[in-house]
Amino acid sequence: MGRGGCNFVWDDTAEDLEFEPQIAVVGQASQISDSSGRSCYYGNRAFSANRSPQAPLIGMFGDSAVRAVDVESVWRKGWGARCEEKSTQTGVISTTEAVTQSCCFQDAGVQTDVGEENLQAAGLPPAPPVDYAGLLSFLQNVEETVIRELNKNWRSHAFDGFEVNWLDQNETVSCLHSLTYPEAQEQKLQVTSVSWNATGAVVACSYGRVEDGDWSTKKSYVCTWNLDRRGLNPRRPDLVVEIPSSVMCLAFHPQQPSLVAGGLFSGEVLVWDTSRLEDPLVWRTGMTDDTHTDPVYQVGWLQHTKHGHPFQVLSVSTDGKILAWQEERDGLLKITDGFALVSQQIPRSTKLKKHSRGDVAVGVTSLSFSHFEPSVFVAGTEGGCVLKCSTAVETVAVLQRSSSFPLKAPAQFVFSPHGGPVYSVSCSPFHRNLFLSGGTDGHIHLHSMLQAQPLISLQLSKKYIFSVRWSPVRPLVFAAATGEGEVQLFDFGKSSQKPSFSIQQTSDHAPVYCLEFNSRQAQLLATGDGSGAVKIWQLSSDFTEGGPRELNHLDQLANEITD
């Protein structure tokens, strides 16, 4: 028997009788028989069927070759016919969107008018009668007194300078952020300058070295952080610009938040656009005979209305030059105005011994413009002199080394000198004649433009004073950075001899080289130190909220006359 069918063999000698099959198994063969004796053979064996069930079966076997009968299997066909795959799709469902808006709305209010009948209906007592004659008599009697008091209040200055402050009150000075660039710290670079941009949200710092040495050929960095950015990483600046020479100073543009100028130890001046992350450098002075030959220790932006350019870049160097630059084609800066400080402009009584000739340049280390007279500025020098200068001069400076661009002699008045180089000067934003100066002698001088001697002299440090700045919101407040790692906050309204608060910037007493108040967010102060960190301090309300008559107190300080 094969799979799917079987073969049957019939004996032709058997009678054609009704077949009632019976199957018997003998050895390896199968016998199929019926009652009529008909025999059939299954496979290659012949089987004999005997009518008598008692007849022996052994002699019935024999070999025979007969034709085969094939029986086709239909189980696979039937199974396949029963497997069907069908699908259906509903009709397209239509959708509709609709918006509605009320055409108009109206508010209405009503006020009942209390009448006698309403009071009676409500069971309330009647309104008392108004004594109009008595009221008139009272007002006439107090009229003179009220007017006199109103006039007195109108003339009073008790609330002069008072402004409502809706910000939360800060009771103490606290550090909000400590910003670092690990690669600069690994090279032991120092933060030489800090600056806030025009929005007050971005702070930039320059890395270099303040001490002299062979480090000037090493690379340095300019880094920026946006303090309003979500997820601020204090150890990962938003922008890092690699510079081939040490950067000594920085200054953001007063109106364009992305422009920042920098001065290099090599004497070059650069301007970067911080919005261009791939190639931020936009202008540079290059190195020519007219550019600085010494390190640039301060840069700024000078307001200038000529030729359609509202601002120029100003640079100050120890080569004695103060240069104004304007952008030119091909990314270069060209000189548009220049000044030079030479020994001949300084009285003999204040000259240093090494300045023996009148044409010897006087190194300029710091500069600050007046907030009231745009042409007036104060300059600090390497020799300790502090000079009042003006850009509106025509006198030509006599120099040992000639320049293709004529440089003018700006000095007009000399103040009492410091005992060493003057690293910082700051003109008051609230008084036209007052300014501060700080130097390596550890002293801060409060000066008036009208006299040579300082109004106040304060010894804040046994080491250097690297930076001093007036507060942009408090007329009597200023801050100073010392070589002992401290930031001193002064309030002349409380004391003119000792600081109101001292901040320990670094644990190892590394010098604090720079600081800047935030003019947009008065509670923020940025400081940079010798360990390579920029710290953002949140000032207490005592240093941000002005008291009454502060300007009067400042006037009194300015009007003091010294011997």
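Figure 1. Leu 139 sits in helix H3 (residues 132-155). The model is predicted: local features need pLDDT of at least 70, side-chain atom pairs count only at pLDDT 80 or more, and totals for chains, interfaces and linings use all residues. Residues are numbered from 1 along each chain as its sequence is written, and side-chain values use heavy atoms, with hydrogens and water left out. Helices (H or I, at least four residues) and strands (E, at least two) are DSSP runs, numbered from the N terminus. Leu 139 is partly exposed at 47% relative accessibility. Buried means under 20% relative accessible area, exposed over 50%, and partly exposed in between (1.4 Å probe, protein chains only). Together with Leu 135 and Phe 138, Leu 139 forms a nonpolar surface patch with about 300 Å² of accessible area. Patches are made of residues with over 30% relative accessible area and no salt bridge; like charges are joined within 9 Å, nonpolar side chains (Val, Leu, Ile, Met, Phe, Trp, Tyr) within 5 Å. Accessible areas come from the Shrake-Rupley method with a 1.4 Å probe; for residues, only the protein chains shown count as cover.

Figure 2. The side chains of Glu 149 and Lys 152 meet in a salt bridge (3.6 Å, N to O). A salt bridge is a side-chain nitrogen of Lys or Arg within 4 Å of a carboxyl oxygen of Asp or Glu. Both residues lie in helix H3, three residues apart, about one turn of the helix. Glu 149 is partly exposed, at 34% relative accessible area. The structure holds eleven salt bridges.

**Figure 3. Lys 219 and Glu 183 across the chain.** Lys 219 forms a salt bridge with Glu 183, the closest N and O atoms being 3.9 Å apart. Lys 219 lies in the loop between E7 and E8 and Glu 183 in helix H4, so the pair ties together parts 36 residues apart in sequence. Lys 219 is partly exposed, with 31% relative accessibility. Glu 183 is also partly exposed, with 32%.

**Figure 4. The Asp 491 and Arg 474 pair.** These two residues form a salt bridge whose closest N and O atoms are 3.1 Å apart. Asp 491 lies in strand E28 (residues 486-491) and Arg 474 in the loop between strands E26 (465-470) and E27 (477-482), so the pair ties together parts 17 residues apart in sequence. Both Asp 491 and Arg 474 are buried. Elsewhere, salt bridges that share partners join Glu 183, Lys 219 and Glu 242 into one network.

Figure 5. Strand E9 (residues 239-243) has Leu 239, Val 241 and Ile 243 pointing to one face and buried. Strand E8 (residues 220-226) pairs with E9 in the antiparallel sense over five bridges. Two strands pair if DSSP finds at least two bridges between them. Cys 223 has Val 240 in E9 as its bridge partner.

**Figure 6. Ser 193 in strand E6.** Ser 193 belongs to strand E6 (residues 190-196). Seven of the seven residues of E6 are buried, so the strand is largely enclosed by the rest of the structure. Ser 193 itself is buried, at 8% relative accessible area. A polar atom of the Ser 193 side chain lies 3.1 Å from the backbone nitrogen of Leu 250. Leaving aside neighbours within four places in sequence, Ser 193 is in contact (heavy atoms within 4.5 Å) with residues including Ala 204, Met 248 and Cys 514. E6 and strand E7 (residues 202-208) pair in the antiparallel sense over six bridges. Val 194 has Cys 205 in E7 as its bridge partner. Five residues lie between the strands of this hairpin, where Gly 200 takes a positive phi near 80 degrees.

**Figure 7. Loop residues with positive phi.** Lys 188, a residue other than glycine, has a positive phi near 60 degrees. Lys 188 lies in the loop between helix H4 (182-186) and E6. Lys 188 is exposed, with 60% relative accessible area. His 509, also not a glycine, has a positive phi near 60 degrees. The loop holding His 509 runs between strands E29 (501-504) and E30 (512-517).

Technical notes:
Polar contact = N/O pair within 3.5 Å; in protein donor to acceptor, adjacent residues only side chain to side chain.
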